Amino acid sequence: MAKIIAIANQKGGVGKTTTSINLAAGLAYTNQRILLVDFDPQGNATQGIGAKAAGFDKTVYDVIMQNASVKDCVVNLPIYSPKLDVLCSNVNLAGADLEMANYKEGREKLLKRKLDEVRDDYDYIIIDCPPSLGLLNTNALTAADSVIIPVQSEYYALEGLTQLLSTIRLVQRLFNPHLAIEGVLLTMFDARTNLSVEVQQEVRKYFKEKVYRSYIPRNVKLSEAPSSGQSIYTYDMDSQGAKAYMSLVREFLSHNVKRR
């Protein structure tokens, strides 16, 4: 049965989608069965991993709002591994928040119900959450077993995380008591600067052992890869960004029992 992991931070530009793409692709390369769910109306993960170029007819909107099945909507990307599927997103998802608001009950569990139907088909399901706190994020956190929080290595790195942690606690109390923090990932890290070192110390002081030893450096190749619709591994396997994300993949797997 798949472990479902949400990649969440309501602050934009922290490397959330980059992490979703490269964690999913990296796990697929290690022979894990992966489903990447693009749950952001901007559809950046869909574009960045190459699913948009591959073509798709239905999206996650059809799955949660039109009762389409996940199996009928996923796009397989054999360029990474026959074991990597993507549930795509586009601007249609932007209206889902308003539509869900009209539901009297069950609106927080729309995504969970659908993902539960395919949990036995995957080892890990990665959800790329939108950079906001609303019903879409609540759905993702209700469906997830755990959360990875990317934190940019800059001043005010912890700013706004109070809101996210409050949302996590609310979801734990009302919808998903077993939701846990999988880990906190430092992104855009530059070990040569005092700022990054100070931010790392502050984040580790706050989250303690939940902070990954692996960190993601500032890297031009990581910025370029999404525009070509490729993970960092296919774009430039020798880059520092690829090495950093593969280190994260290994660390992530060391914390999790290998799944069938």
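**View 1. Helix H1 spans residues 16-29 of a predicted model.** H1 has 14 residues and reaches 20 Å from its first C-alpha to its last. That is close to the 20 Å expected at 1.5 Å a residue. The expected span is 1.5 Å times one less than the number of residues in the helix. Helices (H or I, at least four residues) and strands (E, at least two) are DSSP runs, numbered from the N terminus. Residues are numbered from 1 along each chain as its sequence is written, and side-chain values use heavy atoms, with hydrogens and water left out. Because the model is predicted, local features need pLDDT of at least 70 and side-chain atom pairs count only at pLDDT 80 or more, while totals for chains, interfaces and linings use all residues.

**View 2. H1 is mostly covered.** Twelve of its 14 residues are buried. Buried means under 20% relative accessible area, exposed means over 50%, and partly exposed lies in between (1.4 Å probe, protein chains only). Among the buried residues of H1 are Lys16, Thr17, Thr19 and Ser20. Ile21, Asn22, Leu23 and Ala24 are also buried there. After H1 comes Asn31, with a positive phi near 80 degrees.

**View 3. Strand S2, residues 34-38, is mostly covered.** Five of its five residues are buried. Ile34, Leu36 and Asp38 point one way from S2. Leu35 and Val37 point the other way.

**View 4. S2 pairs with strand S4 and with strand S5.** Two strands pair if DSSP finds at least two bridges between them. S4 covers residues 84-87 and pairs with S2 in the parallel sense over four bridges. Here Leu36 stands opposite Val86 in S4. S5 covers residues 124-128, and its pairing with S2 is parallel too, over five bridges. Asp38 has Asp128 in S5 as its bridge partner.

**View 5. Met188 sits in a loop.** The loop runs between strand S7 (180-187) and helix H10 (194-207). The phi of Met188 is near 55 degrees, a positive value in a residue other than glycine. Met188 is partly exposed, with a relative accessible area of 22%.

**View 6. Lys208 lies in the loop between H10 and helix H11 (220-224).** Lys208 is not a glycine, yet its phi is positive, about 55 degrees. Is Lys208 buried or exposed? Lys208 is exposed, with a relative accessible area of 53%.
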